[in-house]
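Welcome! Here is a short briefing for a reader who is new to this structure. Please take a look at the sequence and the model first, and then read on.

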Amino acid sequence: MTKLSIEHGWLTPVRRRPSPNQDARPAGEISLVVIHNISLPPGRFGGGHIDALFSNRLDPAADPYFAAIADLKVSAHVLIDRAGEPTQYVPFHRRAWHAGRSCFRGRERCNDFSIGIELEGCDDIPYEEAQYRRLAEIVGLLLERYPGLTPERITGHSDIAPGRKTDPGPAFDWARFHRCLERCRKLS
């Protein structure tokens, strides 16, 4: 696995697919990381459909599921595929449109102050070891770069949008992720 760094808000060396679904953050700190999952269609991996969704090019005729979501304007900062390879869609200093209606510790509009990381997956299929390692590496870099971030300020989409969202789901092993993050931070 290639070691990553952050330069001008972008991970490097990482594939970039800038999404139009972003804008300027309001003044303030970056102080939250939100972990998501995504697979398109649900439960299927690969195929480039996530890139298409985040770039507003999803073909509604390509799958029956896509008709209902093709017009969504969504993005995330980073997607980590099943092999642990990241793609970045939005630089970290910009606001990605990943959380929707959300609240963390009484503060609403989590997109304003968070970084959204998508794991290619779904609630009930175990994530891959490579995904945990890469997620820990990226979050470790973010913790070093943004003083408002702490391990206690890493959460799931389900925690900031309860009743509306379920990701990263029960298949995401939080203890495993935190062990990976601890190891990663010791090595840096």
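A word on classes first: Ala, Val, Leu, Ile, Met, Phe, Trp, Tyr, Cys and Pro count as nonpolar, Asp, Glu, Lys and Arg as charged, and the others, Gly among them, as polar. With that in hand, the lining of the largest pocket divides into 12 nonpolar, nine polar and five charged residues. Please keep in mind that this is a predicted model.

**The largest pocket**

- This pocket has a volume of about 620 Å³.
- Its lining is made up of 26 residues, and N37, I38, Y65, E118 and K165 are the ones that lie nearest the centre.
- Two or more residues of that lining come from each of strand 5 (32–38) and helix 1 (49–54).
- Strand 5 gives the most, with three residues.

**The second largest pocket**

- About 350 Å³ of space is found in the second largest pocket.
- There are 15 residues in its lining, and R133, E137, R183, C184 and L187 lie nearest its centre.
- Helix 3 and helix 5 (174–187) are the elements that give two or more residues to this lining.
- Helix 3 provides the largest share, seven residues.
- Sorted by class, the lining of the second largest pocket holds six nonpolar, three polar and six charged residues.

**A closer look at helix 3**

- Helix 3 covers residues 129–145, 17 residues in all.
- From its first C-alpha to its last, helix 3 reaches 25 Å, close to the 24 Å expected at 1.5 Å a residue.
- Is helix 3 mostly covered or mostly uncovered? It is mostly covered, with 13 of its 17 residues buried.

- Strand 11 takes in residues 114–120, and seven of its seven residues are buried.
- In a regular strand the side chains alternate between the two faces of the sheet.
- Here, S114, G116, E118 and E120 point one way from strand 11, while I115, I117 and L119 point the other way, and all are buried.
- Strand 5 runs parallel to strand 11, and seven bridges join the two.
- Which residue of strand 11 is the bridge partner of I35? The partner is I117.
- Strand 6 (residues 78–80) also pairs with strand 11 in the parallel sense, over three bridges.
- Within strand 11, E118 is the residue that L79 stands opposite.

Key:
Residues numbered from 1 in each chain as written. Predicted model: local features only at pLDDT ≥ 70, side-chain atom pairs only at ≥ 80, totals over all residues. Heavy atoms only, no water. Helix = DSSP H or I, 4+ residues; strand = E, 2+ residues; numbered from the N terminus. Expected span 1.5 Å × (residues − 1). Buried < 20%, exposed > 50% of the residue type's maximum accessible area, 1.4 Å probe, protein only. 1 Å grid on protein atoms, 1.4 Å probe; cavity = no way out; pocket = protein on both sides within 12 Å on 5 of 7 lines; lining within 4 Å. Points joined across faces, edges and corners; volume = space filled by probe spheres on them. Pairing = 2+ DSSP bridges.
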